Amino acid sequence: MAQGNKILNLIGGELAPPASGDYFGNEDPAIGQIYSEVPDSDEKDLDAAVDAAEKAAPVWRNMPAESRAQVMNNLAALIEKRQEEFARAECVDNGKPLSLCRNIDIPRSIANLRFFAEAGKEMEGETFRAEKSFSYTLRQPFGVVATISPWNLPLLLFTWKLAPALASGNCVIAKPSEITPMTAYMLSTLAEEAGFPKGVLNVVHGRGAKIGAAITRHPKIPAISFTGGTVTGKEIYGTGSRLLKKVSLELGGKNPTIIFDDAKWDAALKGALASAFTNQGQICLCGSRILVQQTVYERFREEFVELAAAQKVGDPLEDATAQGAVVSRAHMDKILGYINLAQEEGGDILCGGRRLFVKGRCKQGYFIEPTVIDQLEASCRTNQEEIFGPVVTLLPFADEDEAVALANSTPYGLAASVWTESKERARNVAARIDSGIVWVNCWNLRDLRTPFGGMKNSGVGREGGLRALEFFTEEKTVCQPAA
Ligand code: NDP
């Protein structure tokens, strides 16, 4: 835990305060109070981190992949030993239910480290034989790379980027979100014990607009992997492309959940509910537009609203809680603003729609009732813009063509889920939807080897498995005359 509740940067193997000595407050959104302080890092801290990473680069890149994997596995084991501590810290920092942290966030963070530790050993080049030449390729790390991650799945997405960057032989400057820095800090305190040489892993905390922007324009950081909002992504892409950096962007979504009338009813209902409200609707993969075939629309609406209204919202530390606090006051106000907008646009609030005041310890926390809205046009702002909260809309469709047209009617293209018992329909619809992933009769089921990323405004590039390792490496061809 942070000493005196002050979080520190990890630079060149040392836990250090920011060069400026300045900090800002970090809030527990379930109680609406500051509980720790975050370094307000600036270019001085970044320069020190880049220097340290550059110095460490030859050591780490020349270490056998097996040895790098061992260090990463050590880190995974150290986190695993403190799993409960990490889960509680994530819950307090983010407001999400402790059960979710225990069952998803922390185990998946450990799995990310282990998965890429192994995958790093599998990186291979290609060979090309021709009449006159023999060529082969080498995949080589950049040296120093950066990762910038968001607040919604703090440690999960932090490690999802960090692990492939390290496994492919790079030294890393990692910037977690200023809103949820705690578990990244806790991870950084374990780096030395895990066996990371000094300077291989650097964690620089601070404000996105300040230290994030400085990372983006730093001349000695040639590759940046970013997950976050589309507006920020465009800014990073703009700066990065002017400086010819390699940039990977995982951005927002406005994902459709498509329910056909032949779907297995209970599974579809539960799947749509989980997709709408897990993590307070703050997952880029959440299904925030539920498209339902007209023939079953009324029945679905009635049963779905009943389930949504019954979701237990409250203290994220309590076992029974299904939905905790949203991440900040500013984010709560943004979500409530969208609910107002939905009403102005003619939406009918079927349940929820308001801030929820929880009794006791959490009376000043940022809670929002699970909210279901219908009677909106597909083209209205509520149905086009990412809200990123516990708010879903219902839209009826007549047939497959209309379902696909509605699914594709937003600027985003990250994920979709399709619920039908017809294999043929599932194949057809999956092929026609513009999104990086389509789930059939499931949601958020992940195989870490598969490509992950978005189309349109949802991103550029693919992460996952070998693709992430490829992103963090340069490919070189070595050509010689045929023997
Ligand atoms: P932001 O874009 O606000 O922030 C993401 C990260 O970028 C944070 O670390 C942030 O720092 C940093 N940042 C902010 N401004 C800049 C800048 N000018 N230059 C460089 N870095 C900057 O996103 P949120 O944290 O609000 O995350 C929510 C968004 O992330 C949603 O849109 C969601 O859909 C998307 N997301 C996408 C995923 C995907 O895989 N496609 C997965 C998860 C989320 P700070 O927080 O300190 O400001």
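A salt bridge here is a side-chain nitrogen of Lys or Arg within 4 Å of a carboxyl oxygen of Asp or Glu. Asp319 and Arg102 form one, with their closest N and O atoms 3.6 Å apart. The model is predicted: local features need pLDDT of at least 70, side-chain atom pairs count only at pLDDT 80 or more, and totals for chains, interfaces and linings use all residues. Residues are numbered from 1 along each chain as its sequence is written, and side-chain values use heavy atoms, with hydrogens and water left out.

The salt-bridge count comes to 24 by this rule. Another of these pairs is Arg217 with Glu43, at 2.7 Å from N to O. Arg217 sits in helix α8 (residues 208-217) and Glu43 in helix α1 (residues 43-62), so the pair ties together parts 174 residues apart in sequence. Helices are DSSP runs of H or I with at least four residues, strands are runs of E with at least two, and both are numbered from the N terminus.

Now the domains. The assignment, automatic or from a database, gives domain 1 (9-251 + 458-479) and domain 2 (255-447). Their centres, taken over C-alpha atoms, are 30 Å apart. Domain 1 brings 27 residues to the contact and domain 2 brings 30; contact means heavy atoms within 4.5 Å.

Together the domains bury about 2,200 Å², 56% of it on carbon and sulfur atoms. Buried area is the accessible area (1.4 Å probe) that two parts lose on being put together, summed over both. Ala30, Trp151 and Ser458 supply 23% of what domain 1 buries against domain 2, more than any other three residues. The rule finds one salt bridge across this interface.

Last, a helix pair. Helix α4 (residues 98-119) packs against helix α5 (residues 154-167) at about 5 degrees, with axes 8 Å apart. That makes α4 roughly parallel to α5, a term for angles under 35 degrees. Axes are lines fitted to C-alpha atoms, for helices over the stretch in contact, and angles run from 0 to 180 degrees between N-to-C directions. Residues in the contact include Ile104, Arg108 and Phe116 of α4, and Leu155, Trp160 and Ala167 of α5.

Technical notes. Parallel < 35°, antiparallel > 145°, perpendicular 65-115°, else oblique.
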